[in-house]
Amino acid sequence: MCFTCNNILSWIIFLPLIGSLAVFILPAPRVVALISTILTFLLSLNLWSNFDSSDYAYQFTEKFDWIHTLGINYNLGVDGISLSLVVLATFLMPIIVLGSYSISKNIKMYLISMLMLQTAMLGTLLSLDTFLFYVFWELMLAPMYFIIGIWGGKRKIYATVKFVLYTLFGSILMLVALIYVVWEFYKQTGQITFLLTDLLQTKLSFKEEFILFSAFALAFGIKVPLFPFHTWLPDAHVEAPTGGSVVLAGILLKMGLYGFIRFACPLFPRASEAMTPFIVGLAVVGIVYGALIAWRQVDIKKLVAYSSVSHLGYCVLGLFALNTMATTGSIFQMLSHGVTTGALFILVGILYDRKHTRLIADYGGLASKVPVFSFMFLLFTLGSIALPLTSGFIGEFMILLGSFKAFKIFTVIAVSGVVLGAVYMLTLYLKTIFGELDKDRNADLTDVNIREMFMLIPLLILMFFMGIYPKPFIKVIEPSVNNFISLVSERSEYLDQHDKSARASFNLNKALKDTYRDSKRKK
Amino acid sequence: MQNLLILIPIIPLVGALLSFLSGKIDKAVSGWVATLAAFLSFFLVCYFFTGLEGGSVIFKQTLFDWISINDFATSTKQVVQFGLRLDALSMLMCLIITGIGTLIHLYSIGYMAVDPSRPRFFAYLNLFLFFMLLLVLGSNLLMLFIGWEGVGLCSYLLIGFWYKKTDYAKAGRKAFIVNRIGDAAFLIGIFLLFYAVGSIDFLDLAKFFEANKAVSVASIVALCLFIGATGKSAQIPLFVWLPDAMAGPTPVSALIHAATMVTAGLYLMARTHFIFEQAPQVASIIVVVAILTSFIAALTALVQNDIKKVLAYSTVSQLGFMFMAAAAGAYWVAIFHVVTHAFFKACLFLCAGSVIHGCHHEQDMRQMGGLASKMPITFVTYLVATVAISGIFPLSGYQSKHAILGALEHSGFSHWIYYLAMFTAFLTAFYMTRSLIMTFFGKYKGHAHPHESPLTMTIPLIVLACLSVIGGFYLQDRLPEFLSKILNSKTHEHESIFASLLHSWTGLSGIFLAFIMYKFYPAMPEKISTMFSYLHRIFDNKFYFDEVYHLCVVTPLEKIGNFCWKVIDVGFIDSAVNGTGSVVEVTGEISRFFQSGQTRTYCLGILFSTVVVILLCFVF
């Protein structure tokens, strides 16, 4: 059965927006928001059930003229990769709304921001027009700016300004690069268009590709975040309210990776191939570096934030290994990370709501006081350190197995993250949960309540389901990944035909020098 | 019948859940629920045993494709199945796990009788059985890996069972992390195999390695798997977690850290013996590591005063013996020692538990003594197990240890290894007898009122002691035949009883010496240890392995972590980011000066710049 099949994607994108209007008008904002997010989730499940996973082409496409003179279209479509992320996003949202019960300040505004953020995220995931993508991409910033800036912690202004400016800086470069591609395409064909499918026919010289890819990679790399562009993340996470952290870790970070898959790599395949050792190197550094720093943290939320840097390093590694195993694993890991890290942020939030501190040293011996909380914390910790039968293991294993084929040394270094992950998570667990309950202020700590259980249990079930029976997810993701890989290699060949010399003589050093010389000559 | 295979591990899993939930109603019930689950699983294993027809049948059950990927670019299908497989080797392990597991569950009912959180204990214990059974039943390396990591988790949870003591919780964490180091190597081994063979299913691997001799990756794969095994089976360099693991309740030490989990490394080697057989260089590494581990652990055991620590080092040492056998290519002998060791070491640990229980949680042997009359059953069973581990004919330790020494003698390794192994066997008898005398002989030195343990605890002791007596004799011919389909097992020719007695001389002399030193001249050990106080200190600190690791690994990593955080992240990257912001800010401040909004300033500016421009025109 298929509801609103003709334009289901538009419905999914704009249902939260309608919901935000309803929140604005109607009383009981939380209930309205909850209903709206659940409806969106059900609709996305409906999308999934009608999705044909054997077909790797974009499905449920919609296309209208938007700004005709500039060739900008409202073009939507979904494939397995975006579908899985859409379902993740719509799945996390009701949980985040449930979490909003601990927020009392200006709740309507908070929920409206959240729902608008959801519209922006879903729009980003479903756009096939580069301009539309860009609009939604930038639109994600505004609600997040408010969420951190208004409902955040002590240093919220610093964190939110840093987050927005940092991300904006990358996106502006991306916009310039995008316009360049459109301009090139116009020069070559006389047709002005922002459609992704058209732009994939643009002929680019290798040097152009290289510069354009760098611009895109910077935008997406900041969002991921790739070492060394990650420093906005710990601040943003620490200051954000729980819901903000969940959505940030759960979905927003994945947008960077999604951008690589959908735009940067297919548009500039040769440059991405040439840059692969560099990017993967950064990813592997990020894995180890993030884990080591996470280990030394005194603030629980900061620890989880740095663990995200480490985990997303795996995703980048798998993505750029560019074989079916690793890249599917990378997307699977995005889902898994959304679930486990989202849950960890919720757990930290539960503590913070009660005791208004996130310092590890302020806790200790919680197991005897709050056993259910401790048990939940244990299970999600295990998911985070990728114990078999949890979702984290499948993702990490697939990534490492696939990457091992592509880059041996990098992967072996990345495997050390498996050990370090256990080090920092178990140390956190030891210091907060085990030991004597020796702080008087924790004597009146209450255990997880029913509302919080409703937030955690779905995540828990999903984490184990994905770990034990990952097939339904892999089945959806895998054909699209195969399509992505063949798209990249086909376009790479296509570009080679027009510009044969460049790649053979490619040398990163030389390319940089040439660019520099060219820019001087122009002056 | 084979569709019931999954039930073998599932029953304890359900048992874990039920025993925890039943504990909510009545804590006393949870232990019996867990024991029942373990027993049901054992019963099912026995049922399968009858269907196995002496090892000629193999049961298989594939539940679903766990990870399956169609790679279009290379047009291959990569599948890892979620499947189980039961052959003679798995059957043997299953029998030990569920059989001894049931006994130890039963024992725990008595041992944990007053612990307020025993439902949690029994749930963990049952969960351990689930993972351990998955480990030995897995049909491919990744299935084995589930169990492998899962038992590590249970070990972590059970070592830190009394989590209020931070030291115990730390010991649990140490065990998990040290094991993870091995696991990382194990994973790399799996990756290598996956690409060399195209599958990690044991059957495919066996076929591949039979068809292809001298596979180039064999050595490196074998090395990776061996490093994985050193983690789980506590060999140098990763053995440091096992002595600390004694923080867990004693039944846990018996089940996990003596009888089953720590032998998983041996199981792995036996399971993938075809890889190790193609890696002779690795075999020589293994034998050196094993003999060193065995010897060092035995020396350390000589000077321990904590009864559980003696047994822990003894376990490390015996595991070394098993690895020696495996390195010599005598896999069935290694497995034979796994079995007999499971009998007598589980018995020893449970006896130690009984003693600790009877002496009100006293573990220091200097606070014991003279318990023979107060705890007669415990004493007799401990005595039997001690004689067994010392390798005295006709008890079970003799047959397996003799087979190991025999395999070493004919292996082509240096004879020094053989002699050192023999010397270690002598040491084994010595330190075990020492612990026996210190605990049970002489006068009681403690302050508690020792008493014999309840029936739930003594019955398992008696059963295990009986197994330690007859196990070796019963299995020495049947086991190689049973395993012949899987492992290349040849039995050695039988020797006369007289010769067997003669071959027990290492053990006998160890026992003899210990009696002289600790029974008849009790002042002697003291004198010797003061004479060689230097050596004593080294032994007592297990050759400073922990300290060296702390100095060379943990502290540098901590420093690097802090450096990354404080210097690189905050000091460098973030300063650069904030610096960019400041530059913009300062630029803004400066330009703000000109944007004052006062017309006269702008006029002045216009005038001033006009003058400058005119002047410039004149100059150029």
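The axis of a helix here is a line fitted to its C-alpha atoms over the stretch in contact, and the angle between two axes, from 0 to 180 degrees, is taken between their N-to-C directions. With that in hand, let us walk through this structure, which is a predicted model.

Chain B contains 26 helices and two strands. Its C-alpha trace spans about 125 × 65 × 60 Å along the principal axes. Of the 620 residues in chain B, 55% are buried.

Next, look for the nonpolar core. The largest one has 416 residues, and B:M324 and B:A346 are those with the most contacts inside it. Helix α15 of chain B, residues 331-358, gives the most to this core, with 19 residues. To see the surroundings of B:A346, set aside its neighbours within four places in sequence: B:A346 is then in contact with B:I100, B:I104, B:A254, B:A258, B:A259 and B:L464.

Now turn to where the two chains meet. Chain A brings 44 residues to the contact and chain B brings 42 residues. On the side of chain A that touches chain B, at least two residues come from each of α12 (269-295), α14 (324-355), α15 (366-369), α17 (391-406), α18 (408-432) and α20 (471-498) of chain A. The largest share of that side, ten residues, belongs to α18(A). Sorted by class, the side of chain A that touches chain B has 28 nonpolar, eleven polar and five charged residues.

Let us follow α18(A) across to chain B. Its axis and that of helix α6 of chain B (residues 166-197) come within 9 Å and cross at roughly 165°. Angles over 145 degrees count as roughly antiparallel, so α18(A) is roughly antiparallel to α6(B). The crossing of α18(A) past α6(B) is right-handed. On the α18(A) side, the residues that meet α6(B) include A:V412, A:V415, A:S416 and A:V418. Among their counterparts in α6(B) are B:A169, B:K170, B:R173 and B:F176. The residues of this contact between α18(A) and α6(B) divide into 15 nonpolar, two polar and four charged.

For another helix pair, look within chain A. Helix α4 (residues 107-126) and helix α11 (residues 242-267) of chain A pack at an angle of about 15°, and their axes are 11 Å apart. Angles under 35 degrees count as roughly parallel, and α4(A) and α11(A) are therefore roughly parallel to each other. The crossing in which α4(A) passes α11(A) is left-handed. From α4(A), the contact uses A:M114, A:L117, A:M121, A:T124 and A:L125, while α11(A) contributes A:G243, A:V247, A:I251, A:M255 and A:Y258. By class, the contact of α4(A) with α11(A) has eight nonpolar, two polar and no charged residues.

A:R491 sits in helix α20 of chain A. Is A:R491 buried or partly exposed? A residue needs 20 or more other C-beta atoms within 10 Å to count as buried; A:R491 has 19 and is therefore partly exposed. Not counting residues up to four places away in sequence, A:R491 touches A:L200, A:P266 and A:P269. A:T357 lies 134 residues from A:R491 along the chain, and their C-alpha atoms are separated by 52 Å.

Terms used: Residues numbered from 1 in each chain as written. Chains lettered and ligands numbered in written order. Predicted model: local features only at pLDDT ≥ 70, side-chain atom pairs only at ≥ 80, totals over all residues. Contact = placed C-beta atoms within 7 Å. Helix = DSSP H or I, 4+ residues; strand = E, 2+ residues; numbered from the N terminus. Nonpolar A, V, L, I, M, F, W, Y, C, P; charged D, E, K, R; others polar. Parallel < 35°, antiparallel > 145°, perpendicular 65-115°, else oblique. Left-handed = near helix turned anticlockwise from the far one by under 90°. Buried ≥ 20, exposed ≤ 12 C-beta atoms within 10 Å, placed from the backbone. Core = buried A, V, L, I, M, F, W, Y, C linked by C-beta atoms within 7 Å.
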